[in-house]
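This report looks at selected side-chain pairings and at one residue in its surroundings. The sequence and the structure are shown first.

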Amino acid sequence: LERTMKLLQVARNQIQRPGLRFYNAALHTLSKCSSEEAALAAETILFEEMSSMKPDSYCYAAVVSAWTSLNTCEGSERAKDILLSSGAVGVVDAFCFNTVLDSFAKL
């Protein structure tokens with residue numbers, strides 16, 4: 001996670017206006033870290049750094065996956081809350097909902 005965060009910071013400094021592809025890659029990478037710190041970082045990117053653009057379903061899927069990868073009730077609840085947030089309406093797809101449903105089923 002530490003190397004990922006350092007690389008993200010370098011990229012932020014070198015890319016003047018990061019686009020959706022950059023954020024998709026960053027969120028996907030964080031979703032593979034399986035830690036609460038990575039999930040929080042992904043959520044922060046989604047709701048704060050990307051506030052000036054419209055995140056797509058891949059962005060939401062990555063953040064949802066980051067939370068559900070924790071295999072905890074809290075992680076599943078947080079993922080559910082993200083799906084139900086106002087920004088996700090009309091953007092998230094069946095994959096996102098299935099990911100959250102599956103995480104609750106595994107608890």
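## A pair within helix α1

In this predicted model, Glu2 and Lys6 both belong to helix α1 (residues 2–14), where they are four residues apart, about one turn of the helix. The two form a salt bridge whose closest N and O atoms are 3.3 Å apart. Glu2 counts as exposed at 57% relative accessibility, and Lys6 is likewise exposed, with a relative accessible area of 51%.

## A pair between helices α1 and α3

The structure holds five salt bridges, and one of them joins Glu49 to Arg12, with 3.0 Å between the closest N and O atoms. Because Glu49 lies in helix α3 (residues 36–49) and Arg12 in helix α1, this pair ties together parts that are 37 residues apart in sequence. Glu49 is partly exposed at 29% relative accessibility, and Arg12 is partly exposed at 22%.

Lys80 has a relative accessible area of 30% and is partly exposed, as is Glu77 with 31%.

Ser76 is also placed in helix α5, which covers residues 73–83. Since its relative accessibility is 1%, and buried means under 20%, Ser76 counts as buried. Leaving aside residues up to four places away in sequence, Ser76 touches Val100, Ser103, Phe104 and Leu107.

Conventions. Residues are numbered from 1 along each chain as its sequence is written. This is a predicted model: local features need pLDDT of at least 70, side-chain atom pairs count only at pLDDT 80 or more; totals for chains, interfaces and linings use all residues. Side-chain values use heavy atoms; hydrogens and water are left out. Helices (H or I, at least four residues) and strands (E, at least two) are DSSP runs, numbered from the N terminus. Buried means under 20% relative accessible area, exposed over 50%, partly exposed in between (1.4 Å probe, protein chains only). Contact means heavy atoms within 4.5 Å. A salt bridge is a side-chain nitrogen of Lys or Arg within 4 Å of a carboxyl oxygen of Asp or Glu.
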